[in-house]
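Q: I would like to learn how to read the features of a fold step by step. Could we take the elements, the sheet and the core in turn?

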Amino acid sequence: GGTLLFQVIANIQLPINQFLYFVNGKYTGEITQQREWATIEVSLDPGPQEITFQFTYNPFKLQVLPPLPAGAVYIDDVYIVPIADKFFDGFESGDFSALDWTIAGEQGWVVDGTDPF
């Protein structure tokens, strides 16, 4: 399992158009008017997944639509972060901000090689 992340900007307005996304055929979310780039996160179960993005013009089949532009959706920077990577927090990251650590004390770090394991 892990998290699907993607950036999106959208000119969407019901009833003119609609943008939905699905995981394995199951409705997962909807993007509405999004004028600035935003990051969307979608949780994924372990195993193969099918992600579907669906843009629909006139989803309600109206005979007359308001005089607005047709709209568009732009998706960028799509990737999956495995759970093991999402929760990594250690010396290599430069800080310990990923998990809720309780940090106390004023002493500096000391390297002690007398009993390394």
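Q: What does the secondary structure of the protein come to?
A: Bearing in mind that this is a predicted model, the assignment gives 1 helix and 6 strands, and from the N terminus on the elements run β-β-β-β-β-β-α.

Q: How should I read a sheet, and which order do the strands of the open sheet have here?
A: As a general idea, strands of a sheet pair through backbone hydrogen bonds, either parallel or antiparallel. In this model an open sheet of 3 strands has the order S4-S1-S6, and its pairing is antiparallel. Because S4 and strand S6 (72-82) stand at the edges with a single partner strand each, one side of each is left without a neighbour in the sheet. The twist averages 20 degrees from one strand to the next.

Q: How many bridges join S1 to S6?
A: The two antiparallel strands S1 and S6 are joined by 9 bridges; Leu5, for instance, has Tyr79 in S6 as its bridge partner.

Q: How do I read a nonpolar core, and which residues make up the largest one?
A: In soluble globular proteins, nonpolar side chains tend to be buried together. The largest nonpolar core here has 12 residues, among them Leu4, Phe6, Phe19, Tyr21, Ile31 and Val42. Strand S1 (2-11), strand S2 (17-23) and strand S4 (34-44) are the elements that give two or more residues to this core, and S1 gives the most, with 4 residues.

Q: Which residues does Tyr21 touch, leaving aside residues up to four places away in sequence?
A: Its contacts include Phe6, Ile31, Ile40 and Val42, as well as Thr52 and Phe53.

Notes:
Residues are numbered from 1 along each chain as its sequence is written. This is a predicted model: local features need pLDDT of at least 70, side-chain atom pairs count only at pLDDT 80 or more; totals for chains, interfaces and linings use all residues. Side-chain values use heavy atoms; hydrogens and water are left out. A nonpolar core is a set of buried Ala, Val, Leu, Ile, Met, Phe, Trp, Tyr and Cys residues joined through side-chain atoms within 4.5 Å. Buried means under 20% relative accessible area, exposed over 50%, partly exposed in between (1.4 Å probe, protein chains only). Contact means heavy atoms within 4.5 Å. Two strands pair if DSSP finds at least two bridges between them. Axes are lines fitted to C-alpha atoms, for helices over the stretch in contact, and angles run from 0 to 180 degrees between N-to-C directions.
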